Amino acid sequence: MPLGPPSSAIYLQNTAPGFIATPGRTPTSVTVHPVALFSILDHFLRRNDKQDRVIGTLLGTRSENGEVEVRSSFAVLHSETADQVAVDMDYHRTMFDLHHKVSPKEVIVGWYSTGSTLNTYSALIQNFYTQETAPHQAIHLSVNTGAEGGQQAGVKAYVGSPVGVNPKPENCVFVPIPCELRFNDAERSGLDLLASTPANSSNATFTNPASDLELLERSLVQVSEMLDRVLAYVQSVLSGEVKGDPAVGRYLMDALGASSEDLEKGEFNSHLQDTLMVSYLANLVRSQAEVSSRLALVKAS
């Protein structure tokens, strides 16, 4: 699911010398997991009143086709004034060493910041993380929390690109790349629990996670609602109220599989019997293996 509207904006930065150009493959897209996003929002809520934004390190994996998967993140201490910006590099490296011991497959892929503004200091920080991710390019995740007036909450991803004959930090350009949110089944349960919490947090009470039976019930209800929407759409198309979309029709045909004629001919019952037979044979083989192992133990004793 996209995290923000597409943007073609380019931000020019001005920084001190020391830019390092990396020959690695340019990232083509960024995928963010909810754990990393919640960590960034938690860091923003715990910031000092004097801080306009917070920054941190992004951890994840890279693929050969240029896709970057952001799995986790951690905060980095920093301070900004009108004259300078300071980043605690020792704290950053210490935190990365601790995370690397827990998740050795995750590496530094870039950094994040809250807010929608990319200023001069952003290029300085981008240059530092470019050195940390060499020979790969560092990505920058800009998380807009919506706290500023007139700003829409969302997430955008950028990569730094040098311009000019002799690349220098002051010629750094931030180029937007596609960014989306992805979650697995385990994270989906947590997201559903958070979504079911009332918006008024002052009187909200957090309940225990739903059991497997409750999750199954919710899934069946959702499937039933989706089938009702599909049935209403098909009926409206057949009655001529709505013009049918060939792409939607092909998708429904591929998803539903068997046609009404196959169901009338008993194909569904035949497939169901085959499934039950395979399940019965699997249970029978499992039982025979258990009996054989116990007989072997009896003979050995």
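## Strand β3 and its partners

Strand β3 pairs with strand β7 (residues 107-114) in the antiparallel sense, over six bridges. Within this pairing, G56 stands opposite Y112 of β7. The model described here is a predicted one.

Strand β3 is also joined to strand β4 (residues 67-76), by eight bridges, and these two strands run antiparallel. Strands β3 and β4 form a hairpin with four residues between the strands. In that hairpin, G66 adopts a positive phi near 95°.

## Burial of strand β3

How many of the eight residues of strand β3 are buried? Seven of them are, and a residue counts as buried when its relative accessible area is under 20%. Strand β3, which spans residues 55-62, is therefore largely enclosed by the rest of the structure.

In a regular strand, the side chains alternate between the two faces of the sheet.

## The protein as a whole

The secondary structure of the protein consists of eight helices and eleven strands. Of its 301 residues, 28% are buried.

Contacts can also be sorted by the separation of the residues in the sequence. Among contacts between residues at least 6 apart in sequence, 67% join residues at least 24 apart. The protein exposes about 19,900 Å² of surface, and carbon and sulfur atoms supply 57% of this area.

Definitions and conventions. Residues are numbered from 1 along each chain as its sequence is written. This is a predicted model: local features need pLDDT of at least 70, side-chain atom pairs count only at pLDDT 80 or more; totals for chains, interfaces and linings use all residues. Side-chain values use heavy atoms; hydrogens and water are left out. Buried means under 20% relative accessible area, exposed over 50%, partly exposed in between (1.4 Å probe, protein chains only). Contact means heavy atoms within 4.5 Å. Accessible areas come from the Shrake-Rupley method with a 1.4 Å probe; for residues, only the protein chains shown count as cover. Two strands pair if DSSP finds at least two bridges between them.
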